[in-house]
Amino acid sequence: MTENLLDDTPATDVDILTATPAAVPAEERIRAAAQAEYVGMRERDDSAHEIRGLSAVSDGPAEGELFQWNDKEFQRNPYPYYARARRTSPVHYAGDQTYVVTRYDDVMSSFKLPIMSIKFPGHLEHNPFESAFDETVLSMDPPEHARSRRLFSRWFTPKLIKQWVQFTEEALDDILGSYERGTVMDGHFTLGVEPTHRTMARVLGLEAGTAEPLFWALWDGMLIQATDPLPGTWERSQAGVDYMFARTEALLKEKVADPGTGLADELIATHQRGEITWNEVVQNTVNFYMSGAPNPAYLIGSALEVFAQHPEVMAAFRDRPETRARIVEEVARLNPVELLLTRFPTEDVTIGGVEIPAGSCIKFPIGAVNRDPDVFENPDAFDFDRPLEASRHLTFGLGTHSCAGQMIARAEAQAILGRVAENYEAVTIAEEPVRVITDRLVAYKSQPIILH
Ligand code: HEM
């Protein structure tokens, strides 16, 4: 049993006899996935998605078609394309009932309209990732969305986040305790994925286990959300989803027999009171177990690159703690990890004078909006002195579905980068990082760095 940190809540009282873990979709398939060792590891050849080199900031000329979703050059450096798109028209038709909105003001005025549904319209095929989370906030519109979000929102209050981040710091100290200064480490995995995964496991009250297979299972699972997925992606996505569910559900079943005081225990208790289905318990737990690490880790990895390329930023982080929040914000603005927000209008809508029919797919590329020169002066420059009102980027989304983990992600990043800046003089790049990327998502495959 773990200590109860939800100080305003009595410890959960779980009646193990009334839990019904049997009602899991595709149970046979998922059980099989639990027994197989998931193979989506760092060693795997994923060259179709890989890009080597530091993150792109250039605004050179954009040649050819605007939105070549699977083109390596577009993926490596989409910003010249976005700049051209913003200049030429407020909304672009990208074929296949898909529209792209790239200007900041248009996104702000249209994205939050109640007709912008997150649900796939009937004519679109449901994919393995989206179907797997159909009983979570990820697939719900208001008003049912609010009920689902209430299941977990009080676990991420500022007061509790302070306590969760203490775990992050302890985990980091443990990790750095066995690191030999001046040797090569994978910055993203060691300083990003590991401590943040352990923190989320603590929030849930689940065992952390090994983070890396979960990380790659999520990557595989989300591949199907690319605009134009490569052949074989459906199966790969299903395998990733199956692995995440198999691993998490095994832990949940142990919890039913041996309850604790984490978020997962509270979800189980809520189910036992008949308020939510077992599927909701599993889907919500998987959602947090897998989303605790990858996105914050990308933010942290990107900041490590900034520290290596701009030692003055690392010095400011060390010596002027008042700059920390703004530095993290500027890293987030220039390095969104979720690259596109997607919505499906339930009624005809006009954006920037362009009529978009109900049932279309609208893409809002975060990278385009975050570098709109009408809002961010000199938008490609890393400038953490921007006034706060000019740093309202969309890296954490906006509106009803805005990121539920943004406060903890920011706090973890500040804590981890603070420890690095305070305990080391410099970060250098040992080898060019490798990213895996689709038009929807980016992750580090490897990021060899040295802390001096
Ligand atoms: C740097 C870190 C992160 C980034 C950049 C990020 C980004 C995003 C974005 C862009 C969305 C909106 C998606 C949409 O509207 O379609 C979102 C939603 C969400 N994020 Fe994050 N995320 C991060 C960290 C986290 C963490 C650590 C958690 C877990 C605590 C989390 C949990 C969620 C959840 C549950 C939603 C759905 C909210 C809803 O639909 O109501 N995120 N995130």
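Figure 1. The protein has 17 helices and 13 strands, taken as DSSP runs numbered from the N terminus (helices are H or I of at least four residues, strands E of at least two). This is a predicted model, where local features need pLDDT of at least 70, side-chain atom pairs count only at pLDDT 80 or more, and totals for chains, interfaces and linings use all residues. Residue numbers start from 1 along each chain as its sequence is written. Of the 452 residues, 45% count as buried (20 or more other C-beta atoms within 10 Å of the residue's own, with C-beta atoms placed from the backbone). Look at contacts with a separation of 6 or more, and 74% of them link residues 24 or more positions apart; a contact here is a pair of C-beta atoms, placed from the backbone, within 7 Å.

**Figure 2. The shell around the ligand.** The ligand is surrounded by 22 residues, the closest being Asn-295, Gly-397, His-401, Cys-403 and Gly-405 (a residue is near if its C-beta atom, placed from the backbone, lies within 6 Å). Helices H12 (278-291), H13 (294-309) and H17 (406-423) are the elements giving two or more residues to this shell. By class, the shell has 12 nonpolar, 8 polar and 2 charged residues (nonpolar: Ala, Val, Leu, Ile, Met, Phe, Trp, Tyr, Cys and Pro; charged: Asp, Glu, Lys and Arg; polar: the others, Gly among them).

**Figure 3. Helix H11 under cover.** After H11 comes Gly-274, with a positive phi near 80°.

**Figure 4. Pro-195 in helix H8.** This proline is found in helix H8. Pro-195 is buried because 29 other C-beta atoms sit within 10 Å. Setting aside neighbours within four places in sequence, Pro-195 is in contact with Thr-168, Ala-171, Leu-172, Ile-175 and Ile-416. Asp-173 is 22 residues away along the chain, with 9.3 Å between its C-alpha atom and that of Pro-195.

**Figure 5. H15 packed against H17.** The axes of H15 (residues 324-334) and H17 are 10 Å apart, at an angle of about 110° (axes are lines fitted to C-alpha atoms over the stretch in contact, and angles run from 0 to 180 degrees between N-to-C directions). H15 and H17 are therefore roughly perpendicular, the term for 65 to 115 degrees. On the H15 side, Arg-324, Ala-325 and Val-328 meet Arg-410, Ala-413, Gln-414 and Gly-418 of H17. That contact has 3 nonpolar, 2 polar and 2 charged residues.

Definitions and conventions: A residue is buried if 20 or more other C-beta atoms lie within 10 Å of its own, exposed if 12 or fewer, and partly exposed in between; C-beta atoms are placed from the backbone. Two residues are in contact if their C-beta atoms, placed from the backbone, lie within 7 Å. Angles under 35 degrees count as roughly parallel, over 145 as roughly antiparallel, 65 to 115 as roughly perpendicular and the rest as oblique.
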